[in-house]
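Subject: Structure handover

Hello,

The structure is placed below for your files. My notes on it follow.

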Amino acid sequence: MRNHAIRPQLDQVFPPPYLSQLQKVTFQKNDYICTQGQAITELTYILSGKVKIVRSLFNGKEHILETLNQPQILGDVELMTNQPAGSSVIALEDVQAVQLPLNNKEELLKDPVFLYQIGRNLAMALHKQGITASTNASYSVKERLATHILNSEEENIFQLSPSILASRFGTSYRHVQRVIKQFIDQGIIKKEAFKTYRILERQTLEKLAFID
């Protein structure tokens, strides 16, 4: 991790008295931002970059809960519940973030502005989970995959990770692979390289896709 100067717009996330305590860091690819089961010693706010949230199961397998590529607070649930990290957060690329050391949790939890920000963040996360659950129950894997492709493509090029998509869609890795193969066999998409694909039949994807 490397230290950097802190950008001023963070006063919209953290109350002014805590801005001087913020430390900006860069996590490199595969760095653990926090580790499941360990105590949270700082709040982390992601500024840029993509991370994955992973939970280790009792059978030794890892379940990818979601991937994030937008500003997000990490550690808020653990702070409010006084629990260790419920999952691990791993950088998928260079990630810039700021961290607030939790040197005085009691004082922090008495700050109404800070509590409002935390409450708003938790409410948005709950709302997102509700939408995801409804989407998984209402649409087929084929429809969700078509939507994902159209939302992530750039100039008809996109990447697919079956393991991440399986966790996001609430289905099996093999099911996602089968649907990807169907799209390839039907001439809808074409594999260009490892995890990299090209759209061949955009209209077919648009007919299958739904609006998030």
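Cys34 is part of strand β3, which spans residues 32-34; strands here are DSSP runs of E with at least two residues, helices are runs of H or I with at least four residues, and both are numbered from the N terminus. The model is predicted, so local features need pLDDT of at least 70 and side-chain atom pairs count only at pLDDT 80 or more, while totals for chains, interfaces and linings use all residues. Residues are numbered from 1 along each chain as its sequence is written, and side-chain values use heavy atoms, with hydrogens and water left out.

With a relative accessible area of 16%, Cys34 is buried (under 20% relative accessible area; exposed is over 50%, partly exposed in between; 1.4 Å probe, protein chains only). Beyond neighbours within four places in sequence, Cys34 is in contact with Ile40, Ser87, Ser88 and Val89, contact meaning heavy atoms within 4.5 Å. Of these, Ser87 is 53 residues away from Cys34 in sequence, with 7.9 Å between the C-alpha atoms.

Strand β2 (residues 23-27) is largely enclosed by the rest of the structure, because 4 of its 5 residues are buried. β2 pairs with strand β9 (residues 95-101) in the antiparallel sense over 5 bridges; pairing requires that DSSP finds at least two bridges between the strands. Gln23 has Gln99 in β9 as its bridge partner.

As for the whole protein, there are 7 helices and 12 strands. Of its 212 residues, 37% count as buried. Among contacts between residues at least 6 apart in sequence, 69% join residues at least 24 apart.

Regards
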